[in-house]
Amino acid sequence: MSEKATSGKDGAQLNASGRRSSTTPSNGIENRCLIALIVYIALLLDNVLLTVIVPILPDYLASLEKFQVDSYHLENGTSPSAPIIHQMSYRNEEQAQLQYMTKHPIPGKSMVNFSLLDLTTTTMSTTSRPVGNKVTTDTTPTTTASNIKLKSNFNSHNNNHNSIGLASENGSIGLLLAMKALVQLIFNPIVGNVSSKCGYRLPIVVGTCFLLLSSLVFAVGESFCTLLVARAIQGVGSACIGVCGMSLVAQHYPEEERRSKIMGIILGSIALGVLIGYPFGGILYDLVGKSAPFIILSTIIFLSLGLQLLTMDLSVQPEVMAVKMETKWRPLLECKMILAIVVAIWLSTSTMAILEPCLPIWLIQYLKPNKWQLGTVFIPDSLGYFMGTNFFGGIAYRYGQVKISCICLLLVGIASTLIPSATTIAQLLLPHFALGLGIGVIDAALVPLLATFVDATLAQEEGGEASNSMSSYGTVYAIQQTSVSLAYCLAPLIGGELAQSFGFAWLMRIVGMLNIIYGPILVYLYQKYDPKALREHQNAILMQASGSGTRYRQLYNSMDLE
């Protein structure tokens, strides 16, 4: 009898955990729409700060280098016999000297700027001609072009005394822009652990403070090391906002359909921030100077911080205080479906991360685009990602999030294989839009599903404690953000080497095939290891063991006997 009572109690706990998706946590007078708005603004500002520096860096670092060279000659009291003026000019119809600059304006996390610089070195040659009894010295510029097209051709120009360290400048830009992803990769698990102890609101405020500090350091920084520190500070803030922002939204929207729609809209702030940041930084830098965009952005971040402090309760929430002070890494990492979703997000994100450094070289080598074409080639990706996240979250939930993700992995794979087949820039528009759309829908479908699987996994693990799953959202989103940061750290490096080994076209075809193959694998894993189905099955077994499943049969037998 005691065993039946225990089984009945377990079944009741599982029933309670299954019904908790229709109830919201007690969060005082906080408006959950306001919470969603705060997270949206925080992610938007994070991605504006991510991209606003991209158009500023090349010219600003070149000016810093010129200033350092001039200071060196001034301190030593020397001047070069043939002054060298380095001009970075864009390609057009009349000029053969070029600088190609492109950016990756999509699901932001990391921004790696890739430049192919053609140095125009102008040396001042001195000639003498007699004028009467005097000798007049004329200084006329002569121009020699050192055309650096590919990395493999770079070594042949190293002995040219008129060339500057373009490789070191490109390396400096790449290191500075990749620093955010590296720091965020380290801090994502740390933030996941901290959020299980202090909740999600306080780390969001701390992360916004780091964004404010980073923007101010960018505004006043006048050296490469200072800018590197500012980028690292932003990585810490991005980890806090990325992990705890999505966790807080998942906590306030326990209804799965509503959660899927709201999270999709919030993810759209990533693409919107990228689209705003690049022209915002470029125009203000050209009109006013380096500090102007960062001062304006600092003001907006400060206002956002004030909104957070005025509206959010920063005390430790009851759902955090009620659980043990420990994280739930083990059961979440052992859940095969959570790992399958993380791999799907990593694979789709890696497709864009590989495309980022390799596409500009391939375009210059084969399609020879104009400067404005190369600068806008990634815009369809951002537009597609924005549409996918904003409009397909609810649709994905209605028709099956995993099934829709499988279709979008197929779309990403087909778009990846079509990109190398383009013969004009116009033919790239549709594959790029499809690629961004596929990645956006995948994120809008699978990121909310992670919170659902956390509920199901921990309910099955610990008997349906709702507060446990709410305090573990930070853990699962730390895992998800770590996979994204890992994609943007490793994929460009590995993709660049593989593109040199067997070509850009075959690299994109291989990546596309991996996406196509993984879609059915994801559906198979979902059908076999769905935590919700496993929980319902266990619930049915416990209810049957408690005797609830035989009541109708007992009543039927008693009536038959009568």
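Helices here are DSSP runs of H or I with at least four residues, strands are runs of E with at least two, and both are numbered from the N terminus. The model is predicted, so local features need pLDDT of at least 70 and side-chain atom pairs count only at pLDDT 80 or more, while totals for chains, interfaces and linings use all residues. Residues are numbered from 1 along each chain as its sequence is written, and side-chain values use heavy atoms, with hydrogens and water left out.

**Whole chain**

I looked up burial next: buried residues make up 51% of the 562 residues in the protein chain. Buried means under 20% relative accessible area, exposed means over 50%, and partly exposed lies in between (1.4 Å probe, protein chains only). The accessible surface of the chain is about 25,300 Å², and 64% of that surface belongs to carbon and sulfur atoms. These areas come from the Shrake-Rupley method with a 1.4 Å probe; for residues, only the protein chains shown count as cover. I then took the contacts (heavy atoms within 4.5 Å). Of those with a separation of 6 or more, 83% are between residues 24 or more positions apart.

I listed the neighbours of Met337, leaving out residues up to four places away in sequence; among them are Val402, Phe453, Leu522 and Tyr529.

**Salt bridges**

How many salt bridges does a search of the whole structure find? I found three, taking a salt bridge as a side-chain nitrogen of Lys or Arg within 4 Å of a carboxyl oxygen of Asp or Glu.

- Glu255 and Arg32 meet at 3.0 Å, N to O. Glu255 is in the loop between helix 6 (224-252) and helix 7 (256-287), and Arg32 is in helix 2 (residues 32-52), 223 residues apart. Glu255 is partly exposed at 24%, and Arg32 is partly exposed at 23%.
- Arg398 and Glu257 meet at 3.9 Å, N to O. Arg398 is in helix 14 (residues 393-399) and Glu257 is in helix 7, 141 residues apart. Arg398 is exposed at 53%, whereas Glu257 is partly exposed at 40%.
- Asp455 and Arg259 meet at 3.8 Å, N to O. Asp455 is in helix 16 (residues 429-462) and Arg259 is in helix 7, 196 residues apart. Asp455 is buried at 13%, and Arg259 is buried at 1%.

**Helix 18**

I checked the span of helix 18 (residues 473-502): its 30 residues should span 44 Å, and the end C-alpha atoms are 41 Å apart, which agrees. The expected span is 1.5 Å times one less than the number of residues. I noted a kink of about 30 degrees at Ala491, shortly before Pro492. The bend at a residue is the angle between axes fitted to the seven residues ending there and the seven starting there. Just after the helix, Gly503 has a positive phi of about 95 degrees.

Is Cys489 buried or exposed? Cys489, in helix 18, is buried at 13% relative accessible area. I found that Cys489 touches Ala181, Leu182 and Leu185, not counting residues up to four places away in sequence. Cys489 and Ser350 are 139 residues apart in sequence and 9.4 Å apart in space, C-alpha to C-alpha.
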